[in-house]
Amino acid sequence: MDAAVSGKKKIQWAQAHMPVLNRLKAQYASTQPFAGLRVGICLHLEAKTAYLARVLSDLGGEVAIAGSNPLSTQDDVAEALSQMGISVHSHYGATSKEYHDYLEAVAETRPHLIIDDGGDLVSLLHRRSDAWLDDIIGGAEETTTGLCRLRAMEAAEALRFPMVAVNDALSKYLFDNRYGTGQSVWDGIVRATNLVIAGKEVVVAGYGWCGKGVALRAKGLGARVTVTEIDPIMANEALMDGCRVSTMDEAATFGDIFVTVTGCRDVITRRHFDRMKDGAILANAGHFDIEVAVDQLEASAAKVSEVRKDIKAYEWPNGRRLYLLAEGRLVNLASADGHPAEIMDMSFSLQLLALGHLLENRDLKPAVYRVTDAIDQQVASLRLESLGVNIDALTEAQQEYLSSWE
Ligand SMILES: NC(=O)c1ccc[n+]([C@@H]2O[C@H](COP(=O)([O-])OP(=O)(O)OC[C@H]3O[C@@H](n4cnc5c(N)ncnc54)[C@H](O)[C@@H]3O)[C@@H](O)[C@H]2O)c1
């Protein structure tokens, strides 16, 4: 199939499964809230993102987009999107230099509004040219790692425009990070390996919102799950959820499949590789490719070979092999299609409404802002409405009871 045709079909499939975004698009079609505005996006460039870019363009925006990870861009989707009039800067397998050139190309369009995933676009805009900051009204950040970086910028008084913390909305992390990552990480691992999960020892590093989802779905597939953590509260939660908890030093000796999802660096390093069983599989689902120390794998192995698409074998001098999936990059996006469309429907509806909030509140100081409760509730309610699910409402007497103290 022609690339653009295949990309268009993927975008149409996503669109058909994003009812909340479709409702918002219909609601704002007549007012064209983004008319005359340039929107710069850095997100994983696959079908759901493409549909968000389309919606912003249909609502009047002039959209430029770069992929937020060199291995998550789907070239057919990128081709289809550029044929739809969006300025697309990305290709699958971009080198580090190309990746940064693409971000610069988006920055050079002098966006008024920004959507970022991981903080690379915002960071670039702050580091290069003051002129690039002049037109910016504000932006919205998609993920935990991006917010870590934004909060560090805010604390250092380096942030120059307001950013909305989409990741921290309840309608985001309870569903996207937990159920989206939980399902799509196993989709990626299963597609890459074609191996059975039942009966395997799975080690999940990090029991945050993503880690809880990855562990939950591993259990559902029949694995025995061990969690490694640095936070005693999360470690207790993992124990009470029925997982074993141990250090990575211990887990390294018995794990069959390792999934890192901490947002931290050097979670699995040489000293762990040295203890691992022959055939152990290493996957990362955290934002950056620094959770598994790939450079140490490269340096220690006697032989490196690609044994299957997205699987590299690192062979030790004694013949023991460790398998790294998707070069240690986000396995759910590099080896599968990322989160399900119904999940990204909520996350991207929050993105749209967060940009709308910035347009309605143009006097916001440079800082990181929560998504308002009203927006969070709106997205959750629209999703229930699209599913035909009704919930109860408080009676006056109930409201009075809940707000009284006597
Ligand atoms: N793959 C995806 O599609 C996807 C989706 C959403 C978020 N993310 C990314 O996944 C990462 C985690 O996100 P989250 O929302 O779960 O974050 P979170 O803050 O909720 O959880 C991270 C957890 O990791 C633990 N941790 C930190 N350093 C550790 C270490 N060295 N060893 C063991 N545990 C450690 C923390 O205590 C915390 O409990 C981030 O990089 C985020 O951007 C990926």
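Okay, let's start at the interface: between domain 1 and domain 2, four residue pairs are in polar contact, both residues at pLDDT 80 or more. By polar contact I mean N or O atoms within 3.5 Å, where one must be able to donate a hydrogen and the other to accept it, and residues adjacent in sequence count only if both atoms are side-chain atoms.

Quick note on the source: this is a predicted model, where local features need pLDDT of at least 70, side-chain atom pairs need 80 or more, and totals for chains, interfaces and linings use all residues. Residues are numbered from 1 along each chain as its sequence is written, and side-chain values use heavy atoms, leaving out hydrogens and water.

So where are these domains? Domain 1 covers 3–172 + 339–387, and domain 2 covers 180–334; the bounds come from an automatic or database domain assignment. Each side brings 16 residues to the contact, meaning heavy atoms within 4.5 Å.

How much area is buried between them? About 1,200 Å², with 61% from carbon and sulfur atoms; that's the accessible area (1.4 Å probe) the two parts lose on being put together, summed over both. On the domain 1 side, Leu71, Thr145 and His339 supply 42% of what that domain buries against domain 2.

Now the inside. The largest nonpolar core has 50 residues, and Phe34, Ile41, Leu56, Leu113 and Leu355 touch the most other members. A core here is buried Ala, Val, Leu, Ile, Met, Phe, Trp, Tyr and Cys joined through side-chain atoms within 4.5 Å, buried being under 20% relative accessible area (1.4 Å probe, protein chains only). Beyond four places in sequence, Leu56 contacts residues including Phe34, Ile41 and Leu355.
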